[in-house]
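Visitor: I would like to go through this model with you. Could we begin with how the helices pack?

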Amino acid sequence: MYPSRKEAEKLLQDAEALNPGPWENHSRVAAHCAEKIAMQCDGLNPEKAYILELLHDIGRRFGVRHLGHASDGYAYMMALKFDEVARVCLSRSFNNQTLEDYVGAIDTIEDELDMIRNGFAERVYDDYDRLIQLCDSIAGAEGVVDMEERMSDVKRRYGSYPQSKWDTNIALKRYFKDKIGHNLYDVVKKRVFSLATNNLDILTALGKPGAAYFLQQQRVGQSKKRTRTDYISRRLGRGSENGQQPLTRQDCKMR
Ligand SMILES: [Fe+2]
């Protein structure tokens, strides 16, 4: 069982208020990727993929923890009876189904460790588990990132990155590429995806058309500002091209 898209957005929004950080945008970028890839895969529901991915780090609502956020997310989602989300809160951290290649501090008490072990030990991973793992590894806080670059960044920050986990991530990328027959980065629109555009959809989904309109107007304002700046730059730079008189700096102040 898993929540509706609107419920999931609200759960993330509430969690963001409790523990703000780049993880919120990372979750949104990852959810975007999961939805786009699932759209191309037979047997995967894009809406479900989006929701599971959006909430894969929901345990962060309880504060800054390493492994602990996985068990927090699992327990929280199980308490709400969203067992399918609870499942990926754990499986997304363990693509080889072992605690050995977890990257980060093991900051859990023994009961939480038992819960984690029991949560994934006897489970057979399906394509949702694999998709959530894949998208987790290509989602930055600003947008879609290169998988190898992201893993290298993690390696730099933590001092190491298990080769088995690295290899499994690469295999996951190949698995989905073969499944859909396209370059994954093209499918998730790596070069052009904008979280700002995506946020319009989220606000609309949350039933906040006023906030969506405000955000849109802000973007239009920024775009007009850019256009005016481009125009001035062109005129200053090109002089009397196209028969126009070059602008003086005084002209720019007056416009
Ligand atoms: Fe994540």
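Visitor: At what angle do the axes of helix 4 and helix 6 cross?
Guide: The axes of helix 4 (residues 68-79) and helix 6 (residues 110-120) cross at roughly 70° and come within 10 Å. Axes are lines fitted to C-alpha atoms, for helices over the stretch in contact, and angles run from 0 to 180 degrees between N-to-C directions. Helix 4 is therefore roughly perpendicular to helix 6, a term for angles of 65 to 115 degrees; under 35 counts as roughly parallel, over 145 as roughly antiparallel and the rest as oblique.

Visitor: Is that crossing left-handed or right-handed?
Guide: Helix 4 and helix 6 cross in a left-handed manner, meaning that the near helix is turned anticlockwise from the far one by less than a right angle.

Visitor: Which residues make the contact?
Guide: Helix 4 contributes Gly68, Ala70, Ser71, Tyr74 and Ala75, and helix 6 contributes Glu112, Met115, Ile116 and Gly119. Two residues are in contact if their C-beta atoms, placed from the backbone, lie within 7 Å. By class, five residues are nonpolar, three polar and one charged. Here Ala, Val, Leu, Ile, Met, Phe, Trp, Tyr, Cys and Pro count as nonpolar, Asp, Glu, Lys and Arg as charged, and the others, Gly among them, as polar.

Visitor: How should I read the numbering and the confidence?
Guide: Residues are numbered from 1 along each chain as its sequence is written. The model is predicted: local features need pLDDT of at least 70, side-chain atom pairs count only at pLDDT 80 or more, and totals for chains, interfaces and linings use all residues.

Visitor: And overall, how many helices and strands does the chain have?
Guide: The chain has 13 helices and zero strands. Helices (H or I, at least four residues) and strands (E, at least two) are DSSP runs, numbered from the N terminus.

Visitor: What percentage of the residues is buried?
Guide: Buried residues account for 31% of the 255 residues in the chain. A residue is buried if 20 or more other C-beta atoms lie within 10 Å of its own, exposed if 12 or fewer, and partly exposed in between.

Visitor: What about the largest nonpolar core?
Guide: The largest nonpolar core has 44 residues, and Cys33 and Ala34 have the most contacts inside it. Such a core is a set of buried Ala, Val, Leu, Ile, Met, Phe, Trp, Tyr and Cys residues joined through C-beta atoms within 7 Å. Helix 2 gives the most to this core, with seven residues.

Visitor: What does alanine 34 touch?
Guide: Not counting residues up to four places away in sequence, alanine 34 touches Ala49, Tyr50, Glu53, Leu131, Ile132 and Cys135.

Visitor: Where is glutamine 97?
Guide: Glutamine 97 is in the loop between helix 5 and helix 6. Phi of glutamine 97 is near 55°, a positive value in a residue other than glycine. With 17 C-beta neighbours inside 10 Å, glutamine 97 counts as partly exposed.
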